[in-house]
Amino acid sequence: RAGVIPASWIAHAMVEPWLTSEDGKKKAPRELAVRTSATEAIFGNDRSAFAYELDESDAASAAVRALGIQTDPQVSEMVEQLALIRDNQELVDERVLMLRYGAIAGNCRKREPAPDDMVGDLSMRKLRARFGIQPNKAGLVWAIGKWLPPSSVFLGAPLFGNRRAFVSGGSAAERLWRALRITPPSVNDCLDVLNELAVDTPDEH
């Protein structure tokens, strides 16, 4: 039938090395990705991962997706990847996590999104829920060697050492942190830490 590509042809085309990577090697389509800001966040600047013949304008092509070429991952997919890393108790590679946080942040179009605003394919309400809304349960923010919910993390320089968790305010993920309502510590937060220090410091008199 005219206009219909046989599934057998697609299956064959996916595995044959007929495309070229940016470093000049012939590769099968399913071994390559389209270079976009989101895929760069996942693969970095690894020229062997990107198809030389394709650019960002091809990312939405149905044919590109059908051939198994990786395009912009959905936000829900990246969130699921974070959850798998956490739940599998894998050795955490912070660089890999920051690439994913940065890619999700790239989908945050507003600095302070409303609950029903979309972040990629997830509403902000669902994204906040996936990252964790219960302070006594593990979330998807990796800080001070722990998986924490956003409510247990501050934004900015680690003023309190290991007494509180912080995420960087100057990173590619900052828009995500702010969308998740991670904020710098307040005066009351500072007073809480000072009180802890006072309790923990032995009385010399």
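Tutor: Contact here means heavy atoms within 4.5 Å. The model is predicted.

Student: With which residues is glutamate 196 in contact, leaving aside its neighbours within four places in sequence?

Tutor: Arg163 and Arg164 are the residues in contact with glutamate 196 once those neighbours are left aside.

Student: What makes the pairing of the glutamate 196 and arginine 163 side chains a polar contact?

Tutor: The two side chains come to 3.3 Å in a polar contact, and the cut-off for such a pair of N or O atoms is within 3.5 Å.

Student: Why is glutamate 196 called partly exposed?

Tutor: Its relative accessibility is 27%. Buried would require under 20% and exposed over 50%, so glutamate 196 falls in between and counts as partly exposed. Glutamate 196 sits in helix α8, residues 187–200.

Student: Why is leucine 194 called exposed?

Tutor: Leucine 194, also in helix α8, has a relative accessible area of 52%. Exposed means over 50%, so the label applies. Its C-alpha is 9.3 Å from that of phenylalanine 160, at a sequence separation of 34 residues.

Student: Why does arginine 181 count as exposed?

Tutor: Its relative accessibility is 56%; the cut-off is over 50%, so arginine 181 is exposed. Arginine 181 lies in the loop between α7 (174–179) and α8, and its phi is also positive, near 65°.

Terms used:
Residues numbered from 1 in each chain as written. Predicted model: local features only at pLDDT ≥ 70, side-chain atom pairs only at ≥ 80, totals over all residues. Heavy atoms only, no water. Helix = DSSP H or I, 4+ residues; strand = E, 2+ residues; numbered from the N terminus. Buried < 20%, exposed > 50% of the residue type's maximum accessible area, 1.4 Å probe, protein only. Polar contact = N/O pair within 3.5 Å; in protein donor to acceptor, adjacent residues only side chain to side chain.
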